[in-house]
Amino acid sequence: MAEEKNKYQSRRDFVSKAGKLIIAAPLIIIPVALAKKTETTGYVWQIDPFKCTTCGNCKTNCVMTPSASKCVHAYQMCGYCDLCGGYQRQGVKNISTAAENQLCPVGAIDREFVEEPYFQYTINEDLCDGCAKCVKGCGDFGNGSLYMQIKHDICVNCNDCSIARTCPSNAISRVPEGFSYIEKDKRKK
Amino acid sequence: MKKALPYIILVLLLCWHAVMFAQDRFPRPEFETDYVYPEHQMPTQRAPFWQYIDLAVLIGALIVTTWLALKKRSRQGLLWMSVFSLAYFGFYRQGCICSVGSVQNVSLALFNDGYTIPLTALLFFIIPLVFALLFGRVFCAGVCPLGAIQELTGFAPVKLPKTVDVVLASVPFVYLALAVLFSATNSTFLICRYDPFVGIFRLDAPYTMIIFGVLLLLAGIFVNRPYCRYLCPYGVLLNIFSRFAGKHLTITPAECTNCRLCEASCPYDAILPSNTEQVSEAPERSRKRFILYFLFIPLFAIAGGYLFKNLAPALSGVNSTVRLAREIRFEKESGIEAVTKSALAFKEAGQTEADLFAQEEFIINRFRKASPWAGIFLGIALGIGMVSLSIRRRRTEYKPDQGKCYSCGKCFKYCPIKVKSSNEV
């Protein structure tokens, strides 16, 4: 009887030891297999403004409210127009800063007089909710100096960016840390 | 200018990219005053150095939890550990980075050449598994923020009927198989998308997510840790690794006297009672049953593989490219215009339909290759589950079921045996 028990005991030991080895194997194999594919720096999400179709998903789909994706301004490209397609609603009677004339639903664009006939438009990022209406306006009727970018101080860098998931033109992609932004004016030159 | 507008829009629609590059409609102004162009504000991400702080916190928390669960045997300490992890990984780090989601990064990196995995994500995947292999599921006990939030809200445990528990406990296996399949084919990150508590951590989420999370927490008041037990895909891996744990938390600090006081203490049904009084079966019979059940494993594996191979086209519907291609094809066949944003963007972008359909075919083929493996995994898991039912072990003491036990320490106070620590003697 004692021998019998011994046999079972040793068999059980063998099974558990073998199991341990088999189970431990992936813990070694996976890092080895991924050794070449591992990077010490992280990833960030980036919008390619040249692909963006200003669909408005950035405003509604980001996990942050307001969205981490905001409008930025490439001043070097801007025409400093008096009648700005990104600032004024289409078909306004007179050009003014009146709220009903503004395209931006949250009034996040500041219009400042520079010199005749130029006006500077500045995005107030605290207010901007990333609806991209001004980007569309500026792209359709202006120089396209307003464009969308993901602000990385707000972005929580989700594994699966929920804007990217629904971005119709696949303009959002995962890029290495160093390439966080595509600055439209610099890219052009 | 006004007359030219429709043409500009037309050209814009025809070749979006070309127009974008040549968008300078208005000359840049030549300022007469000394106007300076404002600087671009492009803030950077939290420094990568902080990721290593997260990693250090993870390892530190795992070591402390292990010490609290195995050595100190302090339920109070484990609770405080949960509070800390919930505060740090949950509310401060807002649920990202987390080990549960890292499964997908690993599978994406294993099967896709374009993606390199961040070192932190790889280590967040590996380290809790190493700890599970050494000390059991200490990660669940006090480090995982998802576990912590449920542990802290489970006030009134109710026991589920065994059958319900067993059926529900198979859900995580399916969830894991699908999550790995979808991320391996670069389609979607299922686990992150349906993470129930991340909305609560960020205090901001779509209402569906909040409702799901709150409902889970409400259910968790009675059926403790519902996400961990019946959904968590990473828990499947921890479960398997923990079964082979070198050292594991014990209910009693010394020798079990079979007093049965701990019997009903575990809300997770993870205490294996001693069964010395059980009538033993004829070894001949149990051996036959074992062999029979063992033969079921390859059968289930083949059946699972076959089933999932046939499911491949349906499963590939989660991929956005496949969905878009289906919509465009539907438009062509039925004449009903496609109106989704992606369809509109596709038309604007000027990609050809042939290209799109070729991409769709490629992705579906990837699914055809990958999904049988998901089925095989599920078949084998089911088979091994059945075999384990046929094995009857003699136990002379009450001990935790190493696969199911979260090392939460709720059973400690039920054990009447106390061991005086050496400094008290």
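1. Ground rules. This is a predicted model, so local features need pLDDT of at least 70 and side-chain atom pairs count only at pLDDT 80 or more, while totals for chains, interfaces and linings use all residues. Residues are numbered from 1 along each chain as its sequence is written, chains are lettered from A and ligands numbered from 1 in the order in which they are written, and side-chain values use heavy atoms, with hydrogens and water left out.

2. The interface. In chain B, 70 residues are in contact with 74 residues of chain A (contact means heavy atoms within 4.5 Å). The two chains bury about 6,300 Å² between them, 58% of it on carbon and sulfur atoms; buried area is the accessible area (1.4 Å probe) that two parts lose on being put together, summed over both. On the chain B side, H40(B), M42(B) and Q45(B) lose the most area to chain A, together 10% of what that side buries.

3. Charges across the interface. The rule finds one salt bridge between chain B and chain A, where a salt bridge is a side-chain nitrogen of Lys or Arg within 4 Å of a carboxyl oxygen of Asp or Glu. K37(A) pairs with D113(B), with the closest N and O atoms 3.7 Å apart. Over all chains, the count comes to 17.

4. R225(B) and E151(B) form a salt bridge whose closest N and O atoms are 2.7 Å apart. R225(B) sits in the loop between α13 and α14 (226-230) and E151(B) in helix α8 (residues 145-153), so the bridge ties together parts of chain B that are 74 residues apart in sequence. Helices here are DSSP runs (H or I, at least four residues), numbered from the N terminus. R225(B) counts as buried at 0% relative accessibility, and E151(B) does too at 4%; buried means under 20% relative accessible area, exposed over 50%, partly exposed in between (1.4 Å probe, protein chains only). Both belong to a salt-bridge network that also takes in R75(B) and K410(B).

5. E331(B) bonds to K347(B), with the closest N and O atoms 2.8 Å apart. That pair links helix α17 (residues 320-334), which holds E331(B), to helix α18 (residues 341-349), which holds K347(B), 16 residues apart. E331(B) is buried at 16%, whereas K347(B) is partly exposed at 37%. E353(B) and K332(B) make another salt bridge, at 3.4 Å between the closest N and O atoms, and here the link runs from α19 to α17 of chain B, 21 residues apart. E353(B) is partly exposed at 31%, while K332(B) is exposed at 55%.

6. E360(B). This residue lies in helix α19 (residues 353-390) of chain B and is buried, with a relative accessible area of 4%. Leaving aside residues up to four places away in sequence, E360(B) touches V322(B), A325(B), R326(B) and R329(B).

7. Helix α5 of chain B. Residues 99-111 make up this helix, whose 13 residues reach 19 Å from first C-alpha to last, close to the 18 Å expected at 1.5 Å a residue (the expected span is 1.5 Å times one less than the number of residues). The helix is mostly covered, with 11 of its 13 residues buried, including S99(B), Q104(B), N105(B) and L108(B).

Conventions:
Helices (H or I, at least four residues) and strands (E, at least two) are DSSP runs, numbered from the N terminus.
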